Amino acid sequence: MNTASTPLLEQDKDCFINHLKDIYEHSKWVAEALYGKRDSLKHHRDGPQTAVTQAMYDIIEAADHSTQLVLLRAHPDLAGKAALAGELTDASTSEQAGAGLDQLTPPEFERFLGLNESYRDKFGFPFIMAVKGATKEQILEGFEARLPNSVEDEFRRALNEVHKIAGFRIEALPKSFWSA
């Protein structure tokens, strides 16, 4: 009953949460909150995929600042120590590899480490960028462009990037999740 061929909104709680727990990086609480709303999502005029995407977005946006900060801090540094240690989620590993971050030269890796540290020191959370379709050069340009931002502006930008990442991850779920 709870396979990839069973529509997501019909799955039992454990399977539902398991499939969505890493849509927002290491933030299972978002999937848990969504589970309680799933019956209201079944008849969304734009379909269940849009309903799930919007409901997860709304859960994050309704959270208080400290909860949102925990969400941001759950994200790994790009090309950081977690990647080297193999501690990324499968989705993050794939996303970073797709941007070539698993093939950095030693000088490039050192540059990423330095930028990650500078960013984290200034803002208190990691640099977050939806890297799907981006090159390592574009990511480095993003670091450089965003480091001068205010903490408030960058907090909002990081949340927006987290939502983009979640959207890509939802789009990657099996099509069978969205139809009865």
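**How the helices pack in this predicted model**

Q: Which residues of α5 and α10 meet?
A: From α5 come His 65, Gln 68, Leu 69, Leu 71 and Leu 72. They meet Phe 155, Ala 158, Leu 159 and Val 162 in α10. By class, this contact has 7 nonpolar, 2 polar and no charged residues. The crossing of α5 and α10 is left-handed.

Q: What makes α1 oblique to α2?
A: Helix α1 (residues 13-20) packs on helix α2 (residues 28-35) at about 135°, with the axes 8 Å apart. Roughly antiparallel needs an angle over 145, and roughly perpendicular stops at 115. That leaves α1 oblique to α2. Their crossing is right-handed.

Q: What residue classes make up the contact of α1 with α2?
A: Lys 13, Phe 16, Ile 17 and Leu 20 in α1 meet Lys 28, Ala 31, Glu 32, Leu 34 and Tyr 35 in α2. The contact has 6 nonpolar, no polar and 3 charged residues.

Q: How do you know that the buried residues of α9 line one face of the helix?
A: The buried residues are Lys 136, Ile 139, Leu 140, Gly 142, Phe 143 and Arg 146. Seen down the axis of α9, they fall within an arc of 155°, so they line one face. On the other side, Glu 141 and Ala 145 are exposed.

Q: What do the buried residues of α9 pack against?
A: They pack against α8 (106-123) and α10 (151-171).

Conventions:
Residues are numbered from 1 along each chain as its sequence is written. This is a predicted model: local features need pLDDT of at least 70, side-chain atom pairs count only at pLDDT 80 or more; totals for chains, interfaces and linings use all residues. Side-chain values use heavy atoms; hydrogens and water are left out. Axes are lines fitted to C-alpha atoms, for helices over the stretch in contact, and angles run from 0 to 180 degrees between N-to-C directions. Helices (H or I, at least four residues) and strands (E, at least two) are DSSP runs, numbered from the N terminus. Angles under 35 degrees count as roughly parallel, over 145 as roughly antiparallel, 65 to 115 as roughly perpendicular and the rest as oblique. A crossing is left-handed if the near helix is turned anticlockwise from the far one by less than a right angle, and right-handed if clockwise. Contact means heavy atoms within 4.5 Å. Ala, Val, Leu, Ile, Met, Phe, Trp, Tyr, Cys and Pro count as nonpolar, Asp, Glu, Lys and Arg as charged, and the others, Gly among them, as polar. Buried means under 20% relative accessible area, exposed over 50%, partly exposed in between (1.4 Å probe, protein chains only). The arc is that of the directions from the helix axis to the C-beta atoms.
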